[in-house]
Amino acid sequence: MTSRVERELTDFLSQARGRIDDALDRGLSPLGTPPPILHEALRAAALAGGKRVRGALLLATAEMLRGDDDAALELACAVEMVHSCSLVLDDLPSMDDATMRRGKPALHRVFGEAIAILAAIALLNAAYERVWRAPGVRDRDRRTIALRLAEAIGGSGLIGGQVGDLSGTGRSLDLSELEYIHSHKTGALFIASVELGALSARAKPREIEALNRYAKNLGLAFQITDDLLDYSGNPDVTGKDAGLDRDKTTFVTLSGIAGAQHLVDELIDAASTAVAPFGRRAKRLVALAEMVRGRDR
Ligand code: GRG
């Protein structure tokens, strides 16, 4: 990326992060609301950092299609709440048993498992409330948005991918099993993010198809870079434990570091090609994809 494109993207991302964080903050009950421990945990889970990549993708998609900005912001909060919910659950002792998340102790290490689980469910619920409340969305689009989000989370989405991941731990997987896990566990919410942005902007089916292809490739690339960071990333920079994947088949164990990076390059190229029909209007989405290619966090 040239330095001007990089600067523009950095500005966009920090603005998107700030707007999403503020909107999340405004929508959550203040500290001290009864029961205090729940609201403290909810705020810790939703507001404790996070790159807001999925929310930024949604905002960039809606902006490209000239959608309503306020609607897109509410939906960006919804996908980030779903994502935070999934991280809290993923970190539990019965799943990844992580100690650190976003540079801080994992939620269950601070509040205990029961509160962490309940906070995760409350976040998921609140995500649908935001879909319901998003301004400027036509009723039929809102129905499709809620449905697509539910599909992305359910047995054919994140939950399916997570179950595949848990049942694959401790045995070796082939490439197609690994792709299944990651395209569901990670890819499904990337796809839903661009799709929600597109639906809020009343995109045409052909546009949604192209954006889905973009997000499918980008989501998988993002997960492979996550595997690379688990293998060789710096926990001080990533904010989470390294080496949690040691009992799992990953793209790094299957293809080696160079092979995994090569796959990332191919997927990023495919993501950019998918949005080529949008021409210059897709420059933000292309820059976001480029950022994933070399990310260190
Ligand atoms: C009910 C929503 C729900 C989920 C249940 C636990 C579960 C099923 C799924 C786990 C999915 C998961 C944690 C996938 C990992 C995806 C991933 C690459 C996470 C890291 O994302 P970043 O780097 O994190 O964007 P930040 O902290 O920046 O937000």
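**Close-up views of a predicted model**

View 1. An oxygen atom of the ligand is found 2.6 Å from an N or O atom in the side chain of Lys51. The model shown here, and in the views that follow, is a predicted one. For Arg54, the distance between a polar side-chain atom and an oxygen atom of the ligand is 2.7 Å. In the side chain of Arg102, an N or O atom is 2.9 Å from an oxygen atom of the ligand. On its own, the ligand has 750 Å² of accessible area, and the protein covers 94% of this area.

**View 2. The shell of residues around the ligand.** The ligand is surrounded by 20 residues, of which Lys51, Arg54, His83, Arg102 and Gln162 are the closest.

View 3. Asp90 is part of helix α4. Is this residue buried or exposed? Asp90 counts as buried because its relative accessibility is 10%, and the limit for a buried residue is under 20%. When neighbours within four places in sequence are left aside, Asp90 contacts Met95, Asp96, Asp97, Arg101, Gln162 and Lys185.

**View 4. Helix α13 and its packing partners.** Helix α13 comprises residues 283-293, and its buried residues are Leu285, Ala287, Leu288, Ala289 and Val292. An α-helix has 3.6 residues a turn, so residues three or four places apart point the same way. Against which helices do the buried residues of α13 pack? They pack against α1 (3-27), α3 (53-64), α10 and α12 (251-274).

**View 5. The largest nonpolar core and Leu288.** The largest nonpolar core contains 93 residues. Within this core, Leu57, Leu211, Tyr214, Leu218, Leu285 and Leu288 touch the most other members. Helix α4 gives the most to the core, with 12 residues. Leu285 and Leu288 are also buried residues of helix α13. With residues up to four places away in sequence not counted, Leu288 touches Leu9, Phe12, Leu13, Ala56, Leu57, Ala60 and Tyr214. Among them, Leu57 and Tyr214 are likewise listed with the core residues that touch the most other members.

How values were computed
Residues are numbered from 1 along each chain as its sequence is written. This is a predicted model: local features need pLDDT of at least 70, side-chain atom pairs count only at pLDDT 80 or more; totals for chains, interfaces and linings use all residues. Side-chain values use heavy atoms; hydrogens and water are left out. A residue is near a molecule or strand if one of its heavy atoms lies within 4 Å of it. A polar contact is a pair of N or O atoms within 3.5 Å; within protein, one must be able to donate a hydrogen and the other to accept it, and residues adjacent in sequence count only if both atoms are side-chain atoms. Accessible areas come from the Shrake-Rupley method with a 1.4 Å probe; for residues, only the protein chains shown count as cover. Buried means under 20% relative accessible area, exposed over 50%, partly exposed in between (1.4 Å probe, protein chains only). Helices (H or I, at least four residues) and strands (E, at least two) are DSSP runs, numbered from the N terminus. Contact means heavy atoms within 4.5 Å. A nonpolar core is a set of buried Ala, Val, Leu, Ile, Met, Phe, Trp, Tyr and Cys residues joined through side-chain atoms within 4.5 Å.
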